[in-house]
Amino acid sequence: MVQEKMMIAREVAAYLRCSSSTVRRMVRRGQIPHYRFGKLVRFRLSEIERWLALHHEGSVLLRGRASSSNSDQLSLFPTGEENG
């Protein structure tokens, strides 16, 4: 069995494109999967990727259109359906 390299908060922050302090805050709140070894905190990339998949929000675009239309949702990107 090949062991996966453990990542530090700075590496996870770079992967998620956020700050290290955001990752550390999420650790304190128990919002992100991590391992604690005394004061050291480490992460596994595969667990971060699964966590991201579980926390996916919004709709996936299919052929240039949203897979589900909801008039209550704000869209920042034009879909070509607006008139004017």
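Visitor: Hi! Is R17 buried or exposed?

Guide: R17 counts as exposed, at 79% relative accessibility. Here buried means under 20% relative accessible area, exposed over 50%, and partly exposed in between, with a 1.4 Å probe and protein chains only. A word on the source: this is a predicted model, where local features need pLDDT of at least 70 and side-chain atom pairs count only at pLDDT 80 or more, while totals for chains, interfaces and linings use all residues. Residues are numbered from 1 along each chain as its sequence is written, and side-chain values use heavy atoms, with hydrogens and water left out.

Visitor: Okay, and where does R17 lie?

Guide: R17 lies in the loop between α1 and α2. Its phi is near 60°, a positive value in a residue other than glycine.

Visitor: Let's zoom out. How many helices and strands does the chain have?

Guide: Three helices and five strands. Both are DSSP runs numbered from the N terminus: helices are H or I with at least four residues, strands are E with at least two. From the N terminus on, the order is β-α-α-β-β-α-β-β.

Visitor: How much of the chain is buried?

Guide: Buried residues make up 15% of the 84 residues. The chain exposes about 7,400 Å², and carbon and sulfur atoms supply 52% of that. Those areas come from the Shrake-Rupley method with a 1.4 Å probe; for residues, only the protein chains shown count as cover.

Visitor: Which residues form the largest nonpolar core?

Guide: That core has 12 residues: M7, A9, V12, A13, V23, M26, V27, I32, V41, F43, I48 and W51. The elements giving two or more residues to this core are α1 (9-16), α2 (20-28), β3 (40-44) and α3 (45-54). A nonpolar core is a set of buried Ala, Val, Leu, Ile, Met, Phe, Trp, Tyr and Cys residues joined through side-chain atoms within 4.5 Å.

Visitor: What does M26 touch?

Guide: Not counting residues up to four places away in sequence, M26 touches Q31, I32 and W51. Contact means heavy atoms within 4.5 Å.

Visitor: Back to α1. Which of its residues are buried?

Guide: A9, V12 and A13. They sit on the same side of α1, because they cover an arc of only 100° around the axis. The arc is that of the directions from the helix axis to the C-beta atoms. On the other side of α1, R10 and A14 are exposed.

Visitor: What do the buried ones pack against?

Guide: The buried residues of α1 pack against β1 (6-7), α2, β3 and α3.

Visitor: New topic: what about L45, where is its place?

Guide: L45 is in helix α3, and it is partly exposed, with a relative accessible area of 29%. Leaving out residues up to four places away in sequence, L45 touches E4, M7 and Y15. The C-alpha atoms of L45 and P33 are separated by 9.9 Å, with the two residues 12 apart along the chain.
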